[in-house]
Every structure is written in C-alpha cells, then in structure tokens.
Amino acid sequence: PSKSAVSNTAMLAFAATVKQVLSTATTPTVLASIPLVTFDGEKATTHEFVELNDPVMGGRSSGTWSVMPTFGVMDGEVVDVPSLQAPGFIKAAADGAFPDAASASAGALELEVRSTTPQYAGFRVSLAAGAVAPPYSCAGGGSIPLSRGCYKAKFSVPAGDGWHAVSVPFASFSDLWSPATGEHTKECSEDASACLTAKKLSSLQRVELWAEGAVGKVHLELKSVSAVPAAPHPNSTPLLTVSSPAALAAAAAPAAATTASRTATRPPAPFGTCSGAVQKQLRFGISGREQPTVPVPLPATESLAEAVCCDNRTVAYAEPRFLYQALDIALYSRLDAGVTTFYDSVCGLPLFRAPLNRSLAAFKADTDEHGWPSFRTAEVVAANVVTDVKSGLVSSRCGTHLGSYLPDGAGPRWCMDLSCIAGSPAGSPASQGTAVTAAA
C-alpha cells in the first residue's frame, strides 16, 4: 500500500481512539457551593453579627449593623483618627460554628453584596480559623504573639442597584497583616504559613466585614457568604495536593511568647512618665509580653507594659485589642473569686475593683464589647485614678498611663490596658514599683 494510504489509515485509527476515550471519559464532578452565612433563618448559616467601631484613642469612625428580612447592612463612615492622622475602621463580626468549607480550598469566598458606596476603597473580609482567641487574632493580624489565625483579604463592589457575586480567591487571604492599616505584611505566596488551607476552612470560627484603611462613607448590604470550589478542568483528573507535615505545623502553630528572663527598663528620661520601673512579676501573664508591639519605633528592650504604660511616645496607642483573651493571658480564668482588685503595674496602687454593683457576666460583656477591661463608676478607686474627661486620658496617681475614658449609653466607662493594671499591691514581695501610700 502507498504511504498516503498508511497515513490515512493511521489517522482514522487515531480519531477512532480519541472518540472512544472521549465517549467513556468521566465527566468531572462540579462541587456545589457551600453556604456559610445567610439571612433566611437557616440554622446552620444564620449568625448574629456585632458592629465594632475604631477603638483607638480619639477614634471617630462610627458604624451600625442592622438586619433586614433577607440581608444585613453595614452603614457608617471611616474618618481619620485625629491623633494619628490616619484612617480608623468599622467592622461587623459574627462568631459561631460554620459549615465545613475544606472542599473549596482551591476556590474562592463568594460575597453576594450590593452597595450605594461602590467607590469606597477599603472593603475587606476576614475569616478566623485555628485561632486561639478569634477576636484577639482579628485585632492583631499575626503581628503580636499568639495572634495568628485571622485571614484577611480585600474586595471591591461593582456599581449598580442589583446584587453582585464578588469572588475573593482563598489564595488572596493572609493571616499576616498590619493592625494599623489592614495591609498584608506577608502574602500567602510568600509564606505558606499565612495561607488559608483546607484544614483551616474545615473549622471556621468567625466571619468579619471591614471598612478600613480609607476614609469615606460606607454602605454595604450582604445577602450571603459562600465558599465556592474551583471549577474542574474538563476531562482532567483531579490532583491531590498534600501539604508537608512541616508546612501544616507552621500554619497551625501560633507564635510563642518569649519566656527569657529580662531586666526591667524604663523609657529614656524625655519620654518616661512613670514614677519607677514596671514591676518584674506582673499578673495575668503580662510579664511574658516582652516586645512593645505598638506601631511606634521603640527600643526592643522595652516590654509591652513599659511601652504602653510609661512611654509618652505611645500615648495615642493601646495594647492589642482583646489581649486579655490571648492564650497566654486568659484573664477570665485568672480572676479572683468574687471581686478582683487591679493594681498599678508600676507603683502597686489599687485602681479598680470588679465586679461591683453588677454581675461578673455584665463585667465580661462590657469588656468583650469594647476589647479591653472596662469598668464603671462604682469600680473605680477614685483617689488613685486621674481622669481627664476632656482628652479621655486616664492615668494613676503615680503617673502610669492606664487607658481611656470612653463613656457610652450606660454612663461613664473606663477602658483600661490590662498591661497597666496588672501589678501587685505596693509593698508585697512581687511589687517592684515606687512605694506610694495607697488609698483605701
């Protein structure tokens, strides 16, 4: 036979083979979307969102969260924090047990949203998973000890009156971001430990919507949040990707607080405000926080308490929000039976006693709402606490900066840095501050 005849025969045989393979090929399975949040009353996906405003000293951003029959609404405005000349934030957060979304790890988070402020440039969404204390992790962004596990990503909303399905790839999330700006400090592509893995998606703890890093009016309506698996390639065989044990361990393990012994230091004279050195054995685990973790350049030798309580360069800042929930702190598990007295971390003066004239549950609810230990009038040792109602600054009689005076609808409220009220009584073996006569 001729060459062409052989060639044609071969081509026909090849075509027949291809046809047979295609006819018997298994149609790839398209995995269904996994609803995580809805507002239709479905038990597994209905969650209560709580609105949180910018808590930084002098922060003026404000927002609200409301629920309509089939969707939720975040409304408000992000403005600059006057003392920082940088935008604050507003957010709405929901905690709970969410459906397993591991099968969508190669896909994306889908938000069904619409907005009358589509030009707003600071929309973000975060998912907590594997976090020791989700509120604390979602305030620290992995920048402070034990705050890994809150994964954040940006998104934008198209203009228009209708609902839009906005896709946010899971690969764009990272749990390493700045709590001051919300910007990633490391991308998932740069550091595997920052990635939102299938393991993490199998046990989500918290969902948050943010408006941060940009000033402006904000109006966002949310109808649903779903995890959407990646679409399989036609006639392809799914591949199984297995992370190494080391990578999974790195992603799951929170940063450990340092435990090395150190010598107490004081800020340089022009900046120091305290009457003495911070006590060496602070209560509630605060002495373990040996890094200043505030967005101000400070000597690495300053501890968190020294920076927040005694260095006037940080007066506009606070310790990390929800620090008291961190695994190494766990304030609620360390409270005394009945009433707990909180002492100045430098001089040991009694400053607050709680709970008084209310239940422990009410004290906890107040604290959880704001993110720092919060006290009411009856709980303040007034002779030892100096409150500047105009500026909101609160300090002790011996010069220790304590936190902020932030009254709310229930009346006067003192929101304190736990770092600064974690001392032992003056004169006790554990105290290391300046001796000051304590008021009763």
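Predicted model: local features only at pLDDT ≥ 70, side-chain atom pairs only at ≥ 80, totals over all residues.
Is Ser 396 buried or exposed? Its relative accessible area is 3%, and because buried means under 20%, Ser 396 counts as buried. Leaving aside neighbours within four places in sequence, Ser 396 is in contact with Asp 344, Leu 351, Asn 384, Val 386 and Leu 402.

One of those contacts, Leu 351, leads us to strand 15, which spans residues 350–354. Four of the five residues in strand 15 are buried, so the rest of the structure largely encloses this strand. Which way does strand 15 run relative to strand 14? The two are antiparallel, and four bridges join them. Strand 14 covers residues 340–343, and its Phe 342 has Phe 352 of strand 15 as its bridge partner. Between the two strands of this hairpin there are six residues, and Gly 348 takes a positive phi near 80°.

Phe 342 and Phe 352 belong to one aromatic cluster together with Phe 284, Phe 363 and Phe 375. The count of aromatic pairs comes to 16.

You can find one example at Phe 71, where the charged end of Arg 114 sits over the ring, 5.2 Å from its centre. For another, look for Trp 210: Lys 152 lies over its face, at 3.4 Å from the ring centre.

Now move to Ala 108, which lies in strand 8, residues 108–115. With a relative accessibility of 9%, Ala 108 counts as buried. What does Ala 108 touch, beyond its neighbours within four places in sequence? Its contacts are Ser 167, Val 168, Pro 169, Phe 170, Ser 226, Ala 227 and Val 228. Ala 108 and Ser 172 are 64 residues apart in sequence, with their C-alpha atoms 8.9 Å apart in space.

Finally, step back to see the whole protein. Its secondary structure comes to seven helices and 20 strands. Of its 440 residues, 46% count as buried. Among contacts between residues at least 6 apart in sequence, 70% join residues at least 24 apart. The accessible surface comes to about 19900 Å², and 59% of that belongs to carbon and sulfur atoms.

Methods: Residues numbered from 1 in each chain as written. Heavy atoms only, no water. Buried < 20%, exposed > 50% of the residue type's maximum accessible area, 1.4 Å probe, protein only. Pairing = 2+ DSSP bridges. Phe/Tyr/Trp six-rings, centres within 6.5 Å; stacked < 30°, edge-to-face > 60°. Lys NZ or Arg CZ within 6 Å of the ring centre and 35° of its normal. Contact = heavy atoms within 4.5 Å. Areas by Shrake-Rupley, 256 points an atom, 1.4 Å probe, with all protein chains shown as cover.
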